[in-house]
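Thanks for coming. I'd like to walk you through one complex. Here it is on the screen.

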Amino acid sequence: MDAVFDALGDPGRRALVASVADRGTATATELAAELPVTRQAVAKQLGALADAGLLRATRIGRETRYAVTPRPLGDAAAWLVEMGGRWDDRLAALGRSLARARAAR
Amino acid sequence: MELHVERDVVFPAEPDEVWEALTDPERLEEWFATEVELDARPGGEGIFRWGDGEERRAVVREAEPEERLVLDWEDGGEVVLELEEVDGGTLVRVTETSPDFAAALELHALAWARPRCAGTRYRSFA
């Protein structure tokens, strides 16, 4: 599972997994169209996620279409994406709460 | 198989200020969950509710004021919050550990035939 941790250690890659999951399947071209990065950069990240077993790659013509790997690996990936995002939000809110408490002293 | 989410953040606040925000239910409602009940002593219970109807219950396993708080979730996961005084404030290290996915394999297999497992909290993976 080390490859999974490595692959999902990066927020950009976690976001890509979430985007693929939202769409069901996606290609690098489709994902790059809504991101401020090149198709090549997205393709590279998708390849790394597929190597880690988080995405399943299917070659159709000249494009590679990706889907999230079925459970339970999909559940594990989902947990990492969901919980990582939650803690990012919570810690930002904790920072605001601490600042408010200090201002009120 | 267990997974971990880890975050390190330094807040410009003293450890006692951070500890209060981590253990006082009213303060927890400002950042952790919508409704919080928590007895932040070893063996104390915690109930956390969110706006979407989700509820998680936990038991406090460790509570070292201004240093370390450990909650055991009823689903088998845990969260460890460690505090350390550093230059510029307090370092908060969060480590949330998932339930054991391998142990839950059978449940997943049962739920697999359904397009969406009722009560799933993996909303983005419906």
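Read from the N terminus, chain B goes β-α-α-β-β-β-β-β-β-α. That comes to 3 helices and 7 strands. By helices I mean DSSP runs of H or I with at least four residues, by strands runs of E with at least two, numbered from the N terminus.

A word on what you are looking at. This is a predicted model, where local features need pLDDT of at least 70, side-chain atom pairs count only at pLDDT 80 or more, and totals for chains, interfaces and linings use all residues. Residues are numbered from 1 along each chain as its sequence is written, while chains are lettered from A and ligands numbered from 1 in the order in which they are written.

Now confidence. The predictor gives the complex an ipTM of 0.80 and a pTM of 0.63. Chain B has a mean pLDDT of 83, and 79% of its residues reach 70 or more. pLDDT is the predictor's confidence in each residue, from 0 to 100. Be careful with residues 104-126 of chain B: pLDDT stays under 50 there. For that stretch the model has 24 contacts beyond four places in sequence. A contact means two C-beta atoms, placed from the backbone, within 7 Å.

How much of chain B is buried? Of its 126 residues, 23%. Buried means 20 or more other C-beta atoms within 10 Å of the residue's own, exposed means 12 or fewer, and partly exposed is in between, with C-beta atoms placed from the backbone. Among chain B contacts between residues at least 6 apart in sequence, 36% join residues at least 24 apart.

Next, chain A. It has 5 helices and 3 strands. The order from the N terminus is α-α-β-α-α-β-β-α. Buried residues make up 32% of its 105 residues. Of its contacts with a separation of 6 or more, 53% are between residues 24 or more positions apart.

Let me zoom in on two helices of chain A. H2(A) covers residues 11-23. Its 13 residues should span 18 Å at 1.5 Å a residue, and its end C-alpha atoms are 18 Å apart, which agrees. The expected span is 1.5 Å times one less than the number of residues. Buried in H2(A) are Arg14(A), Leu16(A), Val17(A), Val20(A) and Ala21(A). They cover an arc of only 155° around the axis, so they sit on the same side of H2(A). The arc is taken over the directions from the helix axis to the C-beta atoms. The face turned away carries exposed Pro11(A), Gly12(A) and Asp22(A). After H2(A) comes Gly24(A), with a positive phi near 90°.

H4(A) covers residues 39-51. Val42(A), Gln45(A), Leu46(A) and Leu49(A) are buried in it. These buried residues fall within an arc of 100° down the axis, so they line one face of H4(A). Gly53(A) follows H4(A), and its phi is positive, near 85°.

How do the axes of H2(A) and H4(A) cross? They come within 10 Å and cross at roughly 80°. That makes H2(A) roughly perpendicular to H4(A), a label for angles of 65 to 115 degrees. H2(A) contributes Gly12(A), Arg13(A), Leu16(A) and Val17(A) to the contact, and H4(A) contributes Gln45(A), Leu46(A) and Leu49(A).

Last, one residue of chain B. Glu30(B) is in helix H2(B), residues 25-31. Is Glu30(B) buried, exposed or partly exposed? Partly exposed, with 17 other C-beta atoms within 10 Å. Beyond its neighbours within four places in sequence, Glu30(B) is in contact with Ala93(A) and Ser97(A).

How values were computed
Axes fitted to C-alpha atoms, helices over the stretch in contact; angles between N-to-C directions. Parallel < 35°, antiparallel > 145°, perpendicular 65-115°, else oblique.
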